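Please look over the sequence and the structure shown here. A short report follows.

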Amino acid sequence: MSEVAGNQGRNEEKLGVVLGQIDTIRARINRLALQQAVFVTIAGVVGAAAIAVASAYLLTPLAFLITAAIAGLTALIVIVVALRSAWRMRTNRARAASIADERAHMDGRLTTIAAFATTPNRPKLWPYLLEDALMHREDFAPARIEKRRLSRSIFALMSAAALALFAVGLTRVVPPHPPTIAAPPKTVTLDLRDLTIDPSGTGGSDGSQVTGDQNTMRKLGAMLARARAAAQGKDPISQMKDAANRLANRLRDKITGAPKPPPEHLKLADKGGDSNSAKDPDSDQPGQDPSAKNQSGDDSPDGSKPGDSPDSNHSTQMPGSSSDAPANQQASAGAAAQPGPADQSGKDITPSPGPDSQESANEDRNGDNDSGGASHGTGSDASGLFGKADKPATGDGSFQIAIEAHPASIGDDGGDGDRAPKVDAALNPDQYADEPLSRTAVPPADRDAIERIFDQ
Amino acid sequence: MSATPVEPLTVGDFARTFRRIQGEIHKVIVGHEGAVESLLSALMAGGHVLIEGVPGTGKTTLVKALGTALHLSFNRIQFTVDLMPADITGTRIIVTGDDGRREFSFLPGPVFCHILLADEINRATPKTQSALLEAMAEMQVTVAGTSHVLRPPYFVMATLNPIEMEGTYPLPEAQLDRFIFKVKLDYPDEAEMVRIISSTTGAVESMVDPVFGANEAAERIEGMKRLVREVVVAPDVERYAARMVRATQPANSRFVSERRDVAVDEAVNRYVSFGSSPRGAQALILGAKVRALLDARANAGREDIEAVAPLALSHRMMLNYAAHSDGIDGSQLVERVVKSVRGLRG
């Protein structure tokens with residue numbers, strides 16, 4: 001009786017040894033499965049993020065958006081596949097025994113032992129089976145069955161880390177945006193005819209302000225309304241493309257941490273003034289405010305002098321009359337309560353890169369048609385050469401409209417939409433920035449000489 | 001003749017005894033190592049064997065050698081078209097007793113032996129062929145309402161001549177299913193032929209020595225058969241065998257109710273009319289157990305099942321006309337079935 005009990009005890013001991021090895025194998029395999037799940041998940045996330053950052057620095061906005069989307073999708077697929085694979089890889093004791101059988105060529109000994117280990121009625125040949133398995137103990141040692149302690153997916157993690165390092169290096173080396181020539185001027189004076197209202201504008205609150213007289217602002221409002229109507233009629237693909245561009249720009253700026261351009265101040269002037277002007281958006285608009293029409297019709301086509309119409313409240317008035325312009329109106333972002341379509345347009349108003357604007361800019365620099373550069377394109381004479389120094393353009397009597405006045409244009413080629421074409425051009429040493437000089441007080445002693453030169 | 005009690009066999013004894021018998025048989029049988037091992041495996045598994053071979057490949061010699069090596073009685077029946085059931089099972093005859101009275105007495109037929117060679121079984125009529133059914137399956141013969149028990153071990157080896165098919169009666173499926181294995185005996189190669197010539201045409205004829213004594217032979221064989229039954233088979237391996245058998249059944253078979261988790265090779269659907277019966281699974285397991293013991297193992301594994309599958313399943317698959325016209329045989333299909341089921345492992 002005691003001999004039987006002793007035999008049973010020894011059998012249980014042998015069974016414990018065999019099962020212990022099987023359980024160790026199982027633990028190893030499960031650890032590898034867990035490692036695979038963790039490593040590949042991290043590698044997927046890090047890799048996709050690194051690719052997104054690198055593409056933000058190296059690619060155009062649209063290319064960046066596409067690359068980032070593909071990288072994200074690929075990472076998602078890789079993670080899902082890896083998690084599934086890891087889930088399948090995990091084992092229980094029976095499966096671990098089966099794997100050990102296969103790898104150690106144990107011909108099903110371990111599977112059989114694992115299957116009958118928990119049954120109360122052991123087969124007659126059970127002791128032989130245990131002894132036989134123990135004789136092959138070295139063959140199914142855990143280190144031989146599963147040599148790896150670290151999952152091969154560590155290489156994926158290392159690759160992702162290398163990619164991340166590359167991306168970090170890129171953030172140090174490459175500036176957030178391609179280098180710009182110069183920061184855009186804070187105040188730009190534009191002719192209304194030179195404006196191109198871009199319906200793809202974001203309507204963002206970058207704080208830009210647009211000022212102009214009543215008539216000009218009314219025309220601007222009408223132009224915005226037209227642009228909005230045109231944008232609504234635009235084909236869906238173009239709208240999607242515009243939306244993608246805007247999204248890409250915003251994302252890229254967020255990733256690269258590019259500073260937002262400072263708010264700009266656009267002074268609008270209606271140089272053409274006439275309803276016959278080809279660029280006048282109001283010229284054939286039905287339902288236009290008759291008073292605006294009349295006012296516009298009063299302006300001389302070659303640029304009105306401030307003295308001719310002292311009450312017209314142009315923003316481009318001569319210095320002597322600028323202080324007398326209480327009706328000079330101003331638009332600023334965020335003034336949502338302002339009347340007119342412009343207050344909710346959300347459109348980009350950009351200086352047109354066309355010949356008119358170039359001409360206007362040349363005129364400004366040459367001073368042929370200006371009274372010292374303070375007001376572009378409005379015309380002047382010698383009597384208006386001197387006056388008080390400029391004050392900040394905002395006045396108490398002005399109004400503000402919320403429009404995107406960022407001098408940007410997103411071209412059809414999907415190019416950089418943050419820079420106006422004018423600003424892109426490099427200035428040679430003989431050129432000056434396309435920005436009116438601030439009026440300064442001229443010493444009385446110099447005035448004669450200046451007037452003489454101006455008259456000549 | 002009373003059986004002598006023998007010591008219980010161990011796993012190691014089994015393999016040693018098996019190899020000794022094998023060695024004795026190979027004294028007179030040149031080559032056919034696989035066939036001899038299969039034959040002995042079928043004996044140890046408690047089944048019967050169908051041997052397919054052309055004339056002159058040593059079928060009768062093999063049976064004689066086996067009988068001699070095992071020291072068991074053996075008979076040979078040459079099946080012909082005019083052979084009657086009573087010719088093999090035995091018949092009742094009128095005998096005169098000591099007191100002068102005449103009475104019927106049963107005269108046992110040639111089936112009453114330990115090892116029976118049913119030579120060219122397909123030449124007898126189905127009625128005669130089926131007379132063997134009861135003997136093979138139930139180890140008894142019923143004549144005139146009286147059952148006569150056959151003494152164990154009882155082992156039938158039936159041969160089929162694959163040529164001269166004219167005037168033959170193919171074995172019905174039910175009878176084919178009774179044979180645990182189907183073994184093929186092919187022509188020997190050149191080296192084997194030379195050895196056959198030298199060993200059979202010389203002055204000294206090779207003789208087979210019995211492995212067991214006359215009194216213990218039957219008991220020893222039965223002991224070995226019992227040990228085979230003790231071999232441990234994990235449920236996983238049993239499932240594997242069942243899966244293998246189910247994979248021999250074509251998907252369009254009206255006798256298969258549930259098709260889930262069945263790995264069916266396209267060739268099976270195309271060439272097989274009916275797949276293996278559950279007897280095929282039993283044959284797989286028993287054959288695998290013998291193979292495990294020969295490998296000194298107390299457990300049968302999947303590899304054993306796969307090794308036995310061609311022997312156990314090829315004759316259980318009823319092939320259709322397309323298979324015959326395309327030259328496809330059962331063993332080729334079993335090979336494909338094994339591969340498809342192996343693909344499902346895990």
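## A strand and its partners

In chain B, strand β1 (residues 49-53) and strand β8 run parallel, joined over four bridges. Two strands count as paired if DSSP finds at least two bridges between them. Strands are DSSP runs of E, at least two residues, and helices are runs of H or I, at least four; both are numbered from the N terminus. I51(B) has T159(B) of β8(B) as its bridge partner.

Strand β5 (residues 115-119) of chain B also pairs with β8(B) in the parallel sense, over four bridges. Here A118(B) stands opposite A158(B).

## How the model is described

This is a predicted model: local features need pLDDT of at least 70, side-chain atom pairs need 80 or more, and totals for chains, interfaces and linings use all residues. Residues count from 1 along each chain as written, chains are lettered from A and ligands numbered from 1 in written order, and side-chain values use heavy atoms, without hydrogens and water.

## An enclosed strand

Six of the six residues of β8(B) (residues 155-160) are buried, so the strand is largely enclosed by the rest of the structure. Buried means under 20% relative accessible area, exposed over 50%, and partly exposed in between (1.4 Å probe, protein chains only). One side of β8(B) holds F155(B), M157(B) and T159(B); the other holds V156(B), A158(B) and L160(B).

## The largest core

The largest nonpolar core has 103 residues. Such a core is a set of buried Ala, Val, Leu, Ile, Met, Phe, Trp, Tyr and Cys residues joined through side-chain atoms within 4.5 Å. M157(B) and I21(B) are among those with the most contacts inside it. Helix α11 (residues 278-294) of chain B gives the most to this core: ten residues.
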